[in-house]
Amino acid sequence: MIAKIFKGIWTGINFSRRLVLNILFLLLVIVFIAGITSDEDKITVEDGSVLRLNLNGPIVEEKTYVDPIEAAISDATSGSEAPSEILLDDIVKVINEAAKDERITVLLLDLQEMPKAHLNKLKQIANAIDRFKETGKKVIASGYYYTQAQYYIASHANEVTMHPYGSVAIEGYAMYPLYFKDALEKLEVTQHIFRVGTFKSAVEPFIRNDMSDAAKEANRVWLGALWNQYKQDVAAARPFDESNFDETMDVYLAKMQAANGDAGKYAIDHQWVDSLKTTQQVRKQLIDLVGEDEDGKTFKQVSFRDYLSLVKPPMVFDNPITEKVAIVVARGTIADGERRAGEIGGDSTAALLRKARLDDKVKAVVLRIDSGGGSMFASEVIRAEVLALKAAGKPVIASMSSVAASGGYWIASAANEIWAAPSTITGSIGVFGTFMTFEKTLSKIGVYSDGVATTEMAGFSITRPLNEKMGQVIQMSVEEAYGRFLNVVADARNMTPEQVDKIAQGRVWIASQALELGLIDKLGDKQDAIDAAAALAKLNHFEVKTIKQDLSPQQQMMQDVFGNASVKSMLGLQTQKTSVLATQANLQSVISQLSSEVENLKDYNDPQGVYARCLVCTIAQ
């Protein structure tokens with residue numbers, strides 16, 4: 001009798017649960033349909049409009065997968081909507097489409113909330129802006145102030161305006177990681193570091209309180225090359241001489257004294273901006289150029305994301321007839337196993353390459369890499385799939401984005417050709433092993449580990465000291481792994497291991513230097529790599545297909561529902577995004593750097609504990 005009672009109660013609970021879920025599902029479908037069919041939210045572009053390029057999120061090669069329900073709930077509970085990532089390809093596509101669109105007559109660079117981005121990503125956007133200008137259409141940059149990344153884009157405008165109380169912050173490049181040696185010693189954490197390579201500085205923050213001389217030497221070289229590229233590009237775009245850049249405090253102080261401390265006057269005097277205008281003055285200028293919108297409140301305009309929704313189809317269907325060049329993106333830290341989009345998993349990224357290999361219509365592959373490395377084992381799993389593609393007669397071009405170093409270079413090495421942007425950071429051919437034990441830390445609070453084992457190898461734990469002989473074994477493994485890395489590169493680049501060793505040792509190179517050293521084949525962007533892949537496959541007519549991880553039907557539906565702006569608004573999940581003061585941003589930067597070090601620990605999952613990772617490359621991204 002009791003069993004029947006409980007069974008009846010459970011049946012009722014189960015029925016209620018399914019009923020509620022089904023009602024919720026139907027409600028979401030109704031809201032979704034209502035959202036995408038609402039005439040009120042229909043986006044239109046008036047003739048003679050301004051395309052407002054308001055980039056307010058991180059610029060990436062591939063978006064990080066975020067659970068749509070969790071993101072929606074987070075936005076609602078936090079009171080602000082975090083800026084979502086923006087695909088570099090989407091920015092270039094929007095500008096290119098606007099250049100051909102007769103309804104668009106002016107491009108407004110509204111870069112106030114654009115975060116920092118690596119130089120090669122900025123250059124691709126700038127190139128698209130230059131093509132837009134070639135059509136005879138006007139480009140205006142407007143901002144309260146300009147960061148270094150924002151100004152690189154703004155410098156390509158026909159006119160650069162700034163608020164009279166604003167400023168231009170062109171500071172150059174620097175590398176100042178945080179170091180934790182004393183903190184770890186105070187906590188009595190025992191460090192076990194195993195590495196090969198004079199310049200392999202990825203582990204330095206854990207064993208030093210400052211940057212080693214070898215790391216400083218290497219960093220000065222590639223930072224200097226990056227800075228020279230920035231100066232050359234901006235000076236050519238404005239145009240003014242490279243001597244206009246301030247590189248000493250004495251020069252900067254003298255210029256500011258001449259301007260009586262007025263940053264706006266300083267910017268005008270030295271041709272950083274063309275005019276100082278308030279928001280109201282810029283609005284009037286644009287109204288005079290293109291006219292007022294339907295409400296008569298501002299100029300005719302369409303935002304970046306709205307225009308993107310018009311020119312980029314929500315779903316892309318493969319043409320089953322055409323031959324294809326496939327794109328596989330490898331972005332983020334390389335970890336063992338499976339990872340979602342926006343991260344690199346040895347198994348998951350290899351699966352994408354395998355999908356391209358098994359697709360009869362795919363004739364060539366571009367492996368687009370934006371990674372400072374990670375697990376050596378996972379890197380080799382991915383490289384093996386690159387070799388399998390080549391064995392199947394499908395050429396592979398490695399296309400390096402901002403960073404392709406350490407494990408990122410490992411997976412690129414097997415490609416038929418390696419292409420990189422002039423500002424790409426690469427190399428860092430070296431390996432290390434690291435872990436911490438906490439026996440001393442635990443002893444301070446009276447916790448100890450003791451017991452017995454059948455062998456000296458059994459019973460390893462972070463709560464116990466590392467056996468000295470086991471440490472010797474690990475160091476041998478790391479040295480052997482470094483030898484493998486040298487051989488992998490030597491075989492792929494037609495060099496001897498000794499020749500590779502001279503330019504390896506964990507040292508970072510900028511692509512223009514890597515080209516001279518034989519580490520890459522050509523300088524060029526993603527489109528250049530696509531063209532090269534098609535040429536190797538002897539394709540005259542082809543389509544480009546990006547290979548992505550498959551979502552389950554449920555994941556796809558939830559992404560469609562909760563990712564729709566109209567639905568979010570109807571559900572009350574759309575919130576007003578607040579601006580962040582510069583002081584807050586600086587504090588958040590420090591906190592972010594500390595938290596990222598902790599977060600990165602999850603990616604240290606190589607089965608053998610051996611890593612090919614570049615710390616400075618991660619920071620530089």
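Visitor: Hi! Which residues are buried in α4?
Guide: In helix α4 of this predicted model, the buried residues are Leu119, Asn120, Lys121, Leu122, Gln124, Ile125, Ala126, Ala128, Ile129 and Phe132.

Visitor: And how many residues does α4 have, and how far does it reach?
Guide: Helix α4 covers residues 119-133, which is 15 residues. From its first C-alpha to its last it reaches 21 Å, close to the 21 Å expected at 1.5 Å a residue.

Visitor: Thanks. Let's step back to the chain. How many helices and strands are there?
Guide: There are 24 helices and 22 strands. The chain has 621 residues, and 46% of them are buried.

Visitor: What share of the contacts is between residues 24 or more positions apart?
Guide: Counting contacts with a separation of 6 or more, 77% are between residues 24 or more positions apart.

Visitor: And the surface, what does the accessible area come to?
Guide: About 31,200 Å² for the chain, with 55% of that belonging to carbon and sulfur atoms.

Visitor: Now the open sheet with six strands. What's the order?
Guide: Reading across, the order is β8-β6-β5-β4-β1-β9, and the pairing is parallel. Strands β8 and β9 (301-303) are at the edges with a single partner strand each, so one side of each has no neighbour in the sheet.

Visitor: How many bridges join β1 to β9?
Guide: Three bridges, with β1 (residues 49-54) and β9 running parallel. Arg52 stands opposite Ser303 in β9.

Visitor: Which strands does helix α3 touch on the sheet?
Guide: Helix α3 (residues 88-100) packs on the sheet against β1 and β4 (104-110), and its direction makes about 170° with that of β1. Helix α12 (residues 304-311) packs on the sheet too, touching β1, β4 and β9, and its direction is at about 85° to that of β9.

Visitor: Over to β6, then. Which way do its residues point?
Guide: Strand β6 spans residues 159-162. Glu159 and Thr161 point one way, Val160 and Met162 point the other way, and all are buried.

Visitor: What about the pairing of β6 with β5, how many bridges are there?
Guide: Four, in the parallel sense, with β5 covering residues 138-143. Gly143 stands opposite Met162 there. With helix α5 (residues 148-154) in the unit as well, β5 and β6 make a right-handed β-α-β unit.

Visitor: And what is the bridge partner of Met162 in β8?
Guide: Leu276 is the partner. Strands β6 and β8 (residues 275-276) pair in the parallel sense over two bridges.

Visitor: Changing topic: Arg368. Is that buried or exposed?
Guide: Arg368 is buried, at a relative accessible area of 1%. Its place is in strand β13 (residues 362-371).

Visitor: What does Arg368 touch?
Guide: Setting aside residues up to four places away in sequence, Arg368 touches Glu61, Asn120, Gln124, Ile327, Val328, Val329, Ala330, Ser399, Met400, Ser401, Asp525 and Lys526. Asn120 and Gln124 are also among the buried residues of α4.

Visitor: Where does Glu61 lie?
Guide: Glu61 is in the loop between β2 (59-60) and α2 (68-78). Glu61 is buried as well, with a relative accessible area of 5%. Beyond its neighbours within four places in sequence, its contacts are Leu87, Leu88, Lys121, Val329, Arg368, Asp370 and Ser401.

Visitor: What about the backbone: which peptide bond is cis, around Pro239?
Guide: The bond from Arg238 to Pro239, with omega near -5°. Pro239 is in the loop between α8 (213-237) and α9 (249-258).

Visitor: And what is phi for Ser406?
Guide: Phi of Ser406 is positive, about 55°, although the residue is not a glycine. Ser406 sits in the loop between β15 (396-405) and α15 (407-413), and counts as buried at 0% relative accessibility.

Visitor: One last stop: where is Ser428 found?
Guide: In the loop between β17 (425-427) and β18 (431-437).

Definitions and conventions
Residues are numbered from 1 along each chain as its sequence is written. This is a predicted model: local features need pLDDT of at least 70, side-chain atom pairs count only at pLDDT 80 or more; totals for chains, interfaces and linings use all residues. Side-chain values use heavy atoms; hydrogens and water are left out. Buried means under 20% relative accessible area, exposed over 50%, partly exposed in between (1.4 Å probe, protein chains only). Two strands pair if DSSP finds at least two bridges between them. A crossover is right-handed if, with the strands pointing away from the viewer, the path from the first strand over the helix to the second runs clockwise. Contact means heavy atoms within 4.5 Å. Accessible areas come from the Shrake-Rupley method with a 1.4 Å probe; for residues, only the protein chains shown count as cover. The expected span of a helix is 1.5 Å times one less than its number of residues. Axes are lines fitted to C-alpha atoms, for helices over the stretch in contact, and angles run from 0 to 180 degrees between N-to-C directions.
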